2 protein chains.
Amino acid sequence: MAELAGNVLVGQSGGPTAVVNASVAGIIAEALNHDCVEEVYGALNGVLGILQEDLIDLASESQQQIRALKHTPGAALGSCRYKLKKQADYDRVLEVFKAHNIRYFFYIGGNDSQDTATKISAHAVAQGYELRVIGVPKTVDNDLPATDHCPGFGSTAKFIATTVRELALDNEAMGQGDLVSIVEVMGRSAGWIAASASLAKRRDQPHDPPHLIYLPEIPFSQDKCLEDIRRVLKREKFCQIVVSEGLTDSDGNYVSADPALDAFGHAQLGGAGEFIKNLVEANLPGVKARLSVPGLMQRSAAHSASKVDADEAYLVGQAAVKAAINGETDKLVTLVRGDNDTYSCETGLAPLADVANNVKKLPREWINEDGVSMNFQFVRYAQPLIQGEVAVPHDSGVPTFARLDKSRVDKVLPAYVA
Amino acid sequence: MAELAGNVLVGQSGGPTAVVNASVAGIIAEALNHDCVEEVYGALNGVLGILQEDLIDLASESQQQIRALKHTPGAALGSCRYKLKKQADYDRVLEVFKAHNIRYFFYIGGNDSQDTATKISAHAVAQGYELRVIGVPKTVDNDLPATDHCPGFGSTAKFIATTVRELALDNEAMGQGDLVSIVEVMGRSAGWIAASASLAKRRDQPHDPPHLIYLPEIPFSQDKCLEDIRRVLKREKFCQIVVSEGLTDSDGNYVSADPALDAFGHAQLGGAGEFIKNLVEANLPGVKARLSVPGLMQRSAAHSASKVDADEAYLVGQAAVKAAINGETDKLVTLVRGDNDTYSCETGLAPLADVANNVKKLPREWINEDGVSMNFQFVRYAQPLIQGEVAVPHDSGVPTFARLDKSRVDKVLPAYVA
């Protein structure tokens, strides 16, 4: 493989996670190890920054700040949910790449973002521009196919399991067989985050909270839900419920307390927790319902990040650079779990096209017969991913995070016209 | 002061906090230092446990578990919101105290709970039963008068400031002048918790998020709120709002999206965040609103507890026992701040009657003219209370907490008839 000399460009896309900046740090550190890499640039707000030629010089950032990225939530380069639509957009991306001699493009994101990455790759091939494109996985939802798990998920799982265990002690103190405590968590299409609440249970204590987990994989029934709650309240002082925002009924419509409908007349995402709260209050006299909706908190809780997750997020960044330097392109870095009982993980590669726009759901056989709890197969899968704590420096009592200088790369092209 | 020999009883009441069990640990440890104390009992679920003679033997718990109480959220003895109503209830309490030779009663709780404590004290005096009653302050709301601050507040303040700083990085990555991010926090009558979000700002960076704080102390106006948001969105990529659940309009009615009304036809507590979200979506075209409602999470987040707060919660427990042994009764332990620039704090005593059912609000002069931000006086007050982190042991990736054996004290009285 002939060495390809040129510049590196990194972009972040989609919802941030507690550890997505660790992947940026891994990419920068590894890129600077290779002589064929001349400059290391960042695109502000993903493809939006490419279109607008808003690039920053990452090599000029202090090592201190790049190191601090490892524990900094959000997306330090800015993010976007923009999808390239027109042929002219792809032409513009390539024009910017040529103008800045970008030969290595790393795009950190989920399914939608990797769809963008593979299309940029195809366009470069079609135009005969030598470019290596490697996708770096990122999503708290853990729903990317081809990879054992996704960086970002472990930290959200740890935060939710921690929160549920803490909440349970509060609920236990206040409940007298008359308290339903509901936590609504993220997970648009798959129940990985909701399922991770089951990691709050102690080993061999299946009756530990959370008592009921409602997943997008299992169609929701109001009658069964009320039955479930009555059964738990007979046995326990309180009933702790974790519900995924992506809960749907048997027709596939979102379960939501919000009367707002989308363009197709379907209920919009969000409000599943409120729906269950209302259901309880309307049908179980004398029972109090309490709702917590951590919302965006659960993907930015760097103070409760998983060390395994943060380390793997850094690792996939490094691996992306190594793969590109070795001549790979149009691939996603994957995490491949070892076969041993003791958890181990290394990186692999999968075609970007296998990942783009596909969704990995919870296997049905990891969910118990009752439909509201997880079995040992899920625990065996998820528990290793939440191990270890990340030491976050504090100043004046709150965590301190990286702030990049964002020194702009000079624009050389005419302004982008949307 | 003649030495009073007898048994100690501890109870917890009202909503738990991340550090309320540290006060229990402080009481037990100190009580066992004194020869005049024979047994150390706990009442399960506060006064409910006293009425029902549900007492446990705290001295028989392992030292390991009592030590672990210092970082365990919830209320390890169970809690209640029960108010003694009838004369017969007070008679029953005294009957139980006599039956178990309770001479020292420590009640850990907020305003309502201390009202119960002072009434029990008065009843004992009236009946000529020698009893020393000391209240131990506890409330995340920080709204008890007579004490500089309340154990529990510092940890919730730290969690909210941490969360807001983390969320801000997520919001900054996603916003393009079109994002409003709302966090609804606790605070029924006073805005201490909402105000504490301002600790997320860096020193001398008044434009740092949170950009707008809506407090119960300042009557809410929809028009001003929309103006505030428009002003911030002109300047920033996003607008971060923290709103207290106890927000009221100029008539004193709760601001709430929930159409449920109380018996007087007023909107019920909760839903202020949803109200602002709806306001934004209805009035600011193209602007997205995101809502996080940590709910009970914010009072049980032991994984993010303040070391100063946990230490002071232990200290007030110890101080309560020392005061009672010294002959004090019908008093609340208070926290008294030193006069120096460097934060220091010792305990004091105040009459329970001064505390019961009173509420301390944010001083108006600590709130800026704009009504939506805090000035240096608040920061000087609150910042010392969130300092330091509590090391919480983890097992399998989640924090581990104390579990008491709860060895029951034999009942000697006829069953309680409600």
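Predicted model: local features only at pLDDT ≥ 70, side-chain atom pairs only at ≥ 80, totals over all residues.

Colleague: Which strands does helix α5 of chain A touch?

Modeller: Helix α5 (residues 111–126) of chain A packs on the sheet by touching β4, β5 and β10 (331–337) of that chain. The angle between the directions of α5(A) and β4(A) is about 160°.

Colleague: How should I read the sheet itself, and in what order do its strands lie in chain A?

Modeller: The general idea is that strands of a sheet pair through backbone hydrogen bonds, either parallel or antiparallel. In chain A, the open sheet has 7 strands in the order β3-β2-β1-β4-β5-β10-β11, and the pairing is mixed. Strands β3 (55–57) and β11 (345–351) of chain A stand at the edges with a single partner strand each, so one side of each has no neighbour in the sheet. On average, and with direction ignored, neighbouring strands are turned by 30° against each other.

Colleague: Do β2 and β3 of chain A pair in the parallel or the antiparallel sense?

Modeller: The pairing of β2 (residues 37–43) with β3 in chain A is antiparallel and extends over 3 bridges. Within the strands, A43(A) stands opposite L55(A) of β3(A).

Colleague: What is the strand order of the open sheet in chain B?

Modeller: In chain B, 7 strands form an open sheet in the order β3-β2-β1-β4-β5-β10-β11, with mixed pairing. At the edges of this sheet stand β3 (55–57) and β11 (345–351) of chain B, each having a single partner strand, so one side of each is left without a neighbour there. From one strand to the next, the twist averages 30°. V10(B) has G42(B) of β2(B) as its bridge partner.

Colleague: How does one read the two faces of a strand?

Modeller: In a regular strand the side chains alternate between the two faces of the sheet. Consider β6 (residues 179–185) of chain A: 7 of its 7 residues are buried, so the strand is largely enclosed by the rest of the structure. On one side of β6(A) are L179(A), S181(A), V183(A) and V185(A), and on the other are V180(A), I182(A) and E184(A), all of them buried.

Colleague: How many bridges does β6 of chain A form with β8 of chain A?

Modeller: Strand β6(A) pairs with β8 (residues 238–244) of chain A in the parallel sense over 7 bridges, and S181(A) has Q240(A) as its bridge partner in β8(A). With β9(A), strand β6(A) also pairs in the parallel sense, here over 5 bridges. In that pairing, the partner of V180(A) is A289(A).

Colleague: Where does T147(A) lie, and is it buried or exposed?

Modeller: T147(A) belongs to the loop between β5 and α6 of chain A. It is buried, because 22 other C-beta atoms lie within 10 Å, and the cut-off for a buried residue is 20 or more. Residues up to four places away in sequence aside, T147(A) touches P137(A), T334(A) and L335(A).

Colleague: At what angle do helices α4 and α5 of chain B pack?

Modeller: Helices α4 (residues 87–99) and α5 (residues 111–126) of chain B pack at about 75°, with their axes 10 Å apart. They are therefore roughly perpendicular to each other. On α4(B) the contact involves Y90(B), V93(B) and L94(B), and on α5(B) it involves K119(B), I120(B), H123(B) and A124(B). By class, these residues are 5 nonpolar, 1 polar and 1 charged.

Colleague: Which residues touch the most other members of the largest nonpolar core?

Modeller: That core has 279 residues, and A320(A) and A320(B) touch the most other members. Apart from neighbours within four places in sequence, A320(B) is in contact with I27(B), F106(B), I134(B), V136(B) and V333(B).

Colleague: Finally, how many residues of chain A are in contact with chain B?

Modeller: The contact involves 47 residues of chain A and 47 residues of chain B. On the chain A side, α6(A) gives the largest share, 12 residues. That side has 21 nonpolar, 18 polar and 8 charged residues.

Notes. Residues numbered from 1 in each chain as written. Chains lettered and ligands numbered in written order. Core = buried A, V, L, I, M, F, W, Y, C linked by C-beta atoms within 7 Å. Buried ≥ 20, exposed ≤ 12 C-beta atoms within 10 Å, placed from the backbone. Contact = placed C-beta atoms within 7 Å. Axes fitted to C-alpha atoms, helices over the stretch in contact; angles between N-to-C directions. Helix = DSSP H or I, 4+ residues; strand = E, 2+ residues; numbered from the N terminus. Parallel < 35°, antiparallel > 145°, perpendicular 65-115°, else oblique. Nonpolar A, V, L, I, M, F, W, Y, C, P; charged D, E, K, R; others polar. Pairing = 2+ DSSP bridges.
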